Amino acid sequence: MARTKLQRCVECGAFGLSEQCPECKGRMEAVAPLKYSPEDPQGARRRKRIDAGSEEWVDQLPSTDGDDLDE
Ligand SMILES: [Zn+2]
């Protein structure tokens, strides 16, 4: 019975069986059992996808400076 756990690179998402990514030499974590990661390794990628922080992103946020506040 194999005890080697499937590892997944937290940097590029590549799969492997070692603790170092064969693709980018990044850190790898065991795929199973799945556990919540407070570091949210996919967070940066997700934010980059929606371009968070850009002016376009700010413009589409709900704004509080409407006409009602214009004194
Ligand atoms: Zn990698």
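pLDDT is the predictor's confidence in each residue, on a scale from 0 to 100. This structure is a predicted model, in which local features need a pLDDT of at least 70 and side-chain atom pairs count only at pLDDT 80 or more, while totals for chains, interfaces and linings use all residues. Residues are numbered from 1 along each chain as its sequence is written. The chain has an average pLDDT of 79, and 75% of the residues score at least 70.

**Elements and confidence**

- The chain contains two helices and three strands; helices (H or I, at least four residues) and strands (E, at least two) are DSSP runs, numbered from the N terminus.
- Read from the N terminus, the order of the elements is β-β-β-α-α.

- The three strands make an open, antiparallel sheet in the order E2-E1-E3, where two strands pair if DSSP finds at least two bridges between them.
- Strand E2 (15–16) and strand E3 (28–30) are at the edges with a single partner strand each, so one side of each has no neighbour in the sheet.
- Strands of a sheet pair through backbone hydrogen bonds, in either a parallel or an antiparallel sense.
- Two bridges join E1 and E2 in the antiparallel sense, and Gln7 stands opposite Gly16 in E2.

**Burial and contacts across the chain**

- Of the 71 residues in the chain, 6% are buried; a residue is buried if 20 or more other C-beta atoms lie within 10 Å of its own, exposed if 12 or fewer, and partly exposed in between, with C-beta atoms placed from the backbone.
- Two residues are in contact if their C-beta atoms, placed from the backbone, lie within 7 Å.
- Taking contacts in the chain between residues at least 6 apart in sequence, 12% join residues at least 24 apart.

**Residues in and around the strands**

- Cys9 belongs to strand E1 and counts as buried because it has 20 C-beta neighbours inside 10 Å.
- Apart from neighbours within four places in sequence, Cys9 is in contact with Ala14, Cys21, Glu23, Cys24, Gly26 and Met28.
- From C-alpha to C-alpha, Cys9 and Cys24 are 8.5 Å apart in space, and they are 15 residues apart in sequence.
- Gly16 is part of strand E2 and is partly exposed, as 14 other C-beta atoms lie within 10 Å.
- The contacts of Gly16, leaving aside neighbours within four places in sequence, are Gln7, Cys21, Pro22 and Met28.
- Gly16 and Leu6 are 10 residues apart along the chain, and their C-alpha atoms are separated by 6.2 Å.
- Lys25 sits in the loop between E2 and E3 and is exposed, with 11 other C-beta atoms within 10 Å.
- The phi angle of Lys25 is near 65 degrees, a positive value in a residue other than glycine.

**Residues in and around helix H2**

- Asp51 is found in the loop between H1 and helix H2 (55–59), and it counts as exposed because it has 10 C-beta neighbours inside 10 Å.
- Not counting residues up to four places away in sequence, Asp51 touches Glu56 and Trp57.
- Trp57 lies in helix H2 and also counts as exposed, with 12 C-beta neighbours inside 10 Å.
- Trp57 touches Ile50, Asp51 and Ala52 when residues up to four places away in sequence are not counted.
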